[in-house]
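Look at the structure first, then read on.

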Amino acid sequence: MKKKSLTALLISAMLLGACASGNSNNSTDKEPQTTPKVTEAAKEEEPAVTEEPETDKKEESGTETPEADQKEESGEAKTVTPIPSGIDLTNLNDITLHVSFTAKNAYLNDDGALVLDMVVYEHDVYDSVDITQLAEGDTIVVNGENVLVESKEADGELICINGGEDEGGFNLTSSGGGTFCIVGLNDRHSYYEAGNVTIAVAQECVLIDDADLDNPGKTLYAGDLLSLEDDAYGYTPYNTTVTVAGGKIIEIHRVYTP
């Protein structure tokens, strides 16, 4: 009887141990360590990384593109200046000048030499390419002063700047040799003073006077200058030129002007 009881106890103990072991294994199976999977939907929801356009980066950094630089340069206002006249009042030789004087400006100096006091004039001459490309907003130098170009219009052979002479501007016309010059009424050049000079008169100097249409070709000589009288025509840069050679005046020429 005791043996049967012990045997039953042993069997019970073994059964209890087996149950405990089975429960332990089942607990382990219920809690596996797994790595979560990333679904395709999650991937699609991730924000895409985009690069900034090159132009935007350059604008933010303050660096301009070469094309922008070229555009700015082509759009810049320019200044047109006259072609240098080449007149040097301290060294007048082998040159023809536009001048003005009066009868009393011819006299004998302290050395007894016949001289003539004159005002020398210049007029502005421009390269035709510069005038062709001249545009509103540019500046042109006229008689030594800067003039802003507010308008430019063609009127026959004239180019009218700022309305032309009638509206306070001025007119340009071709003067040959790929140049333009400013002209006024009756196509007169726009002269301005370059300075005063006193030049000796050569003994062979002649004054050819064509100012009077009814009596053209009147000729005077050096000695006649001392008895010269002022008249209605005057000696102005519009009608009088002098030719200098060897440092002396060899010819004075006065022409008719309307």
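## Salt bridges and a sheet

Asp209 and Arg254 are both buried (buried means under 20% relative accessible area, exposed over 50%, partly exposed in between, with a 1.4 Å probe and protein chains only). This is a predicted model: local features need pLDDT of at least 70, side-chain atom pairs count only at pLDDT 80 or more, and totals for chains, interfaces and linings use all residues. Residues are numbered from 1 along each chain as its sequence is written, and side-chain values use heavy atoms, with hydrogens and water left out.

A salt bridge is a side-chain nitrogen of Lys or Arg within 4 Å of a carboxyl oxygen of Asp or Glu. By this rule there are three salt bridges.

| Salt bridge | Closest N to O |
|---|---|
| Lys78 and Asp138 | 2.8 Å |
| Asp209 and Arg254 | 2.7 Å |

Arg254 sits in strand S15, and Asp231 in the loop between strands S13 and S14. Asp231 is partly exposed, at 33%. Shared partners join Asp209, Asp231 and Arg254 into one network of salt bridges.

Now the sheet. Helices (H or I, at least four residues) and strands (E, at least two) are DSSP runs, numbered from the N terminus. Two strands pair if DSSP finds at least two bridges between them. Three strands form an open sheet in the order S1-S6-S7, with mixed pairing. S1 and S7 are at the edges with a single partner strand each, so one side of each has no neighbour in the sheet. S6 and S7 pair in the antiparallel sense over four bridges.
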